[in-house]
Amino acid sequence: MSENKKVKKTDISNAQTLKEIGDFWDSNSLADHWETTEEAEFEVRAKRRRRITISPEVFEKIELQARIQGVLPETLVNVWLTEKLQKAK
């Protein structure tokens, strides 16, 4: 959806564009408007994740490297595996 495309005016923010809605919620808290909200249902279709067992010793080393790089161990492993797979092509 285009950012400039007009959308239905929202009840809480009185915004008329997606940018106005975003600007409103960047500076307002939902807690201040909770009484005026309605319950909503939606479905999230997340891709299935797979688990791989790693020995505790290897995980400790991964965890240390992740801390040094300031990322989660899962992120570091995904980066390393992606790099390795790119090289294997």
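**Figure 1. Lining of the largest pocket in the predicted model.** The residues that line the largest pocket are R49, R50, R51, I52, I54, F59, P73, E74, V77, N78 and L81. A pocket is an open set of points on a 1 Å grid over the protein atoms alone where a 1.4 Å probe fits, with protein on both sides within 12 Å along at least five of seven lines, and lining residues have an atom within 4 Å of a point. The volume of this pocket is about 550 Å³. Helix α3 (residues 73–88) contributes the most to the lining, with 5 residues. By class, 6 lining residues are nonpolar, 1 is polar and 4 are charged.

**Figure 2. The aromatic pair of the structure.** The structure contains 1 aromatic pair. The ring centres of F24 and W25 lie 4.9 Å apart and the planes stand at 90 degrees, so the pair is edge-to-face (centres within 6.5 Å, planes over 60 degrees apart).

**Figure 3. The backbone at N14.** Most residues other than glycine have a negative phi. N14, which is not a glycine, has a positive phi of about 60 degrees. N14 lies in the segment before α1 (18–26) and is partly exposed, with a relative accessible area of 47%.

**Notes to the figures.** Residues are numbered from 1 along each chain as its sequence is written, and side-chain values use heavy atoms, without hydrogens and water. In this predicted model, local features need pLDDT of at least 70 and side-chain atom pairs count only at pLDDT 80 or more, while totals for chains, interfaces and linings use all residues.

Methods: Points joined across faces, edges and corners; volume = space filled by probe spheres on them. Helix = DSSP H or I, 4+ residues; strand = E, 2+ residues; numbered from the N terminus. Nonpolar A, V, L, I, M, F, W, Y, C, P; charged D, E, K, R; others polar. Phe/Tyr/Trp six-rings, centres within 6.5 Å; stacked < 30°, edge-to-face > 60°. Buried < 20%, exposed > 50% of the residue type's maximum accessible area, 1.4 Å probe, protein only.
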